[in-house]
Amino acid sequence: MSTIQANNSKITVYVVSCWIFAAFGGLMFGYDIGISGGVSGMDDFLIKFFPNVYERKLHAKENNYCKYDDQLLQLFTSSLYLSALVSSFFASKACSALGRRPTIFMASLFFIAGAVLSAASEQRWMLIVGRILFGVGVGFGNETVPLFLTEVAPIQLRGAVNIMFQLFVTIGIFIANLVNYATSNMHPNGWRVSLGLAAVPALMLLVGCFVITDTPASLIQRGKDEQGKAALKKVRGVDDVEVEFKEIVAACEQAKAVKHPFRNLMKSASVPPLVIAVFLQIFQQFTGINAIMFYAPVLFQTMGFKSDGALLSAVITGLVNVGSTFVSIYAVDKVGRRKLLLQACCQMLISQLAIGIILSFSLKETGTLDRTLATIVVILVCTYVMSFAWSWGPLGWLIPSETFPMETRTAGFAFAVSTNMLFTSIIAQAFLTMLCKMQANIFFFFSGWIVVMGLFVVFLVPETKGVPIDGMVDVWKSHPVWKRCFKNE
């Protein structure tokens, strides 16, 4: 077996298989993001569940910006994220009490149940309950998988390994776009195939649970020191793990003294990682990325592409999303987190402003963009997606997973996940209405948020590249703003 020597750890086939199987949790999430918008635009789906939207879509002089504005249709997408918001707190408890691996196992079961019910739906309530089950799966998966990847990764590869979650999210979105493209002409049940295939990544995750080990930190935190040491040897690929083992034991002893981790998050020393975790999730959604990814097919139809052309354009942006995430995997542990975030703010701002200007002057309430301008908009969407995919996408999950100390890690990350789901659901529920009311100005709305995000990074986000996961307190104490939280220590 070929191995790579790296700082008292070896990258073995078993270690890589643990990373890949766990990252299928990201594939579940990504597939759902990608599938929702495509299904929402399928005529057979609209006729069965949202006939009013279908009638509006057929109207002779339809309003480009308003034809999909329907609160129940948006609830189809957003209900998943509200469900994930609530379930992430239960997932945090399960993660601490049962371990990372059993929680991932539960995530896959919920997601499979959601896929089966969604594909079999005959009534609108079945569809919404299926979405809620999907949401519980996403809540459990998104709470646990990034923590799992961070805890099993060697320090020098922690960023790259954690970003595998986001890589699989982007692959899931891309596969969903391909599936939607293929099923859009499968009348009348193409939408059932699209929703039912969500079970495939969940089944892969389920199988993976029988391969992966629980994380050393999780085992030791639950008093299983010998199993934790054995797991550490497996994920490091070497027998000499005594130094790291003692560090984890010390962190776990400190964590055991904390009886109420959620209450502990309110202490001043927990303010820096909590504020950064929560705001990174808010800003991740207010880049406008999920608005574009959920509704890419709908958005491109708004600009005048026919249904097939709209789905094909969404496939192109999905491919860009996947390819650009590899840039992040390569650069995050070399360039660092801050530079990637700030570079992306500049690129996203230019892209959003340009899209807004083109649509403001050229896309009226009726009619379409000419072919050249429509192509330019697709290219601008691609440059926007590209910059997000190597920055705010993966780092929004990486930074919160590596900045909380052991005693508040699952509780703190639950806040990050629930914040992400809350604002994802807000954007999902509001985007089509905002598109109708604000029209092209919606892109200027998101541009304003990108400026705020850049300033947040400049003043409040420290560089965490190469910092041991349980050594972040020294970073906060030396930060010009956050050191004030530690002045009494």
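Q: Among contacts between residues at least 6 apart in sequence, what share join residues at least 24 apart?
A: That share is 81% in this chain. Keep in mind that the model is predicted.

Q: How many helices and strands does the chain have?
A: There are 22 helices and 2 strands.

Q: And how much of the chain counts as buried?
A: The chain has 489 residues, and 62% of them count as buried.

Q: Let's talk cores. Which residues touch the most other members of the largest nonpolar core?
A: Phe-45, Phe-50, Trp-392 and Met-421 do. That core holds 138 residues.

Q: Which helix gives the most to this core?
A: Helix H1, which covers residues 13–40. Its share is 14 residues.

Q: What does Met-421 touch, leaving out residues up to four places away in sequence?
A: Met-421 touches Phe-29, Tyr-81, Ala-84, Leu-85, Val-138, Asn-142 and Trp-397.

Q: What other core lies apart from the largest one?
A: There is another core of 5 residues. Ala-91, Ala-94, Val-136 and Phe-140 are among them.

Q: Switching to Arg-337. Where is that residue found?
A: Arg-337 is in helix H17, which covers residues 337–362.

Q: Is Arg-337 buried or exposed, and why?
A: Arg-337 is buried, because its relative accessible area is 1% and the cut-off for buried is under 20%.

Q: Which side chain makes a polar contact with the side chain of Arg-337?
A: The side chain of Thr-464 does, at 3.3 Å.

Q: What else is Arg-337 in contact with, leaving aside neighbours within four places in sequence?
A: The list includes Arg-158, Gly-159 and Val-332. Leu-395, Leu-398, Ile-399 and Glu-402 are also on it. So are Glu-463 and Lys-465, along with Thr-464 itself.

Q: Now Met-164. Which helix holds it?
A: Met-164 sits in helix H7, residues 158–183.

Q: Buried or exposed?
A: Met-164 is buried, with a relative accessible area of 13%.

Q: How far apart are Met-164 and Ile-20 in sequence and in space?
A: In sequence, they are 144 residues apart. In space, the C-alpha to C-alpha distance is 7.6 Å.

Q: What is Met-164 in contact with, setting aside neighbours within four places in sequence?
A: Met-164 is in contact with Trp-19, Ile-20 and Ala-23.

Q: On to cysteines. How many disulfides does the structure hold?
A: The structure holds 0 disulfides.

Q: Are Cys-18 and Cys-209 buried or exposed?
A: Cys-18 is buried, with a relative accessible area of 2%. Cys-209 is buried too, at 6%.

Q: Which lining residues are closest to its centre?
A: Ile-155, Arg-236, Glu-244, Glu-247 and Ile-469 are the closest. The lining has 25 residues.

Q: Which elements give two or more residues to that lining?
A: Helix H6 (124–152), helix H10 (216–221) and helix H12 (242–256) do.

Q: And which gives the most?
A: H12, with 5 residues.

How values were computed:
Residues are numbered from 1 along each chain as its sequence is written. This is a predicted model: local features need pLDDT of at least 70, side-chain atom pairs count only at pLDDT 80 or more; totals for chains, interfaces and linings use all residues. Side-chain values use heavy atoms; hydrogens and water are left out. Helices (H or I, at least four residues) and strands (E, at least two) are DSSP runs, numbered from the N terminus. Buried means under 20% relative accessible area, exposed over 50%, partly exposed in between (1.4 Å probe, protein chains only). A polar contact is a pair of N or O atoms within 3.5 Å; within protein, one must be able to donate a hydrogen and the other to accept it, and residues adjacent in sequence count only if both atoms are side-chain atoms. Contact means heavy atoms within 4.5 Å. A nonpolar core is a set of buried Ala, Val, Leu, Ile, Met, Phe, Trp, Tyr and Cys residues joined through side-chain atoms within 4.5 Å. A disulfide is a pair of cysteine sulfur atoms within 2.5 Å. On a 1 Å grid over the protein atoms alone, a cavity is a set of points where a 1.4 Å probe fits but cannot get out, and a pocket is an open set with protein on both sides within 12 Å along at least five of seven lines; lining residues have an atom within 4 Å of a point.
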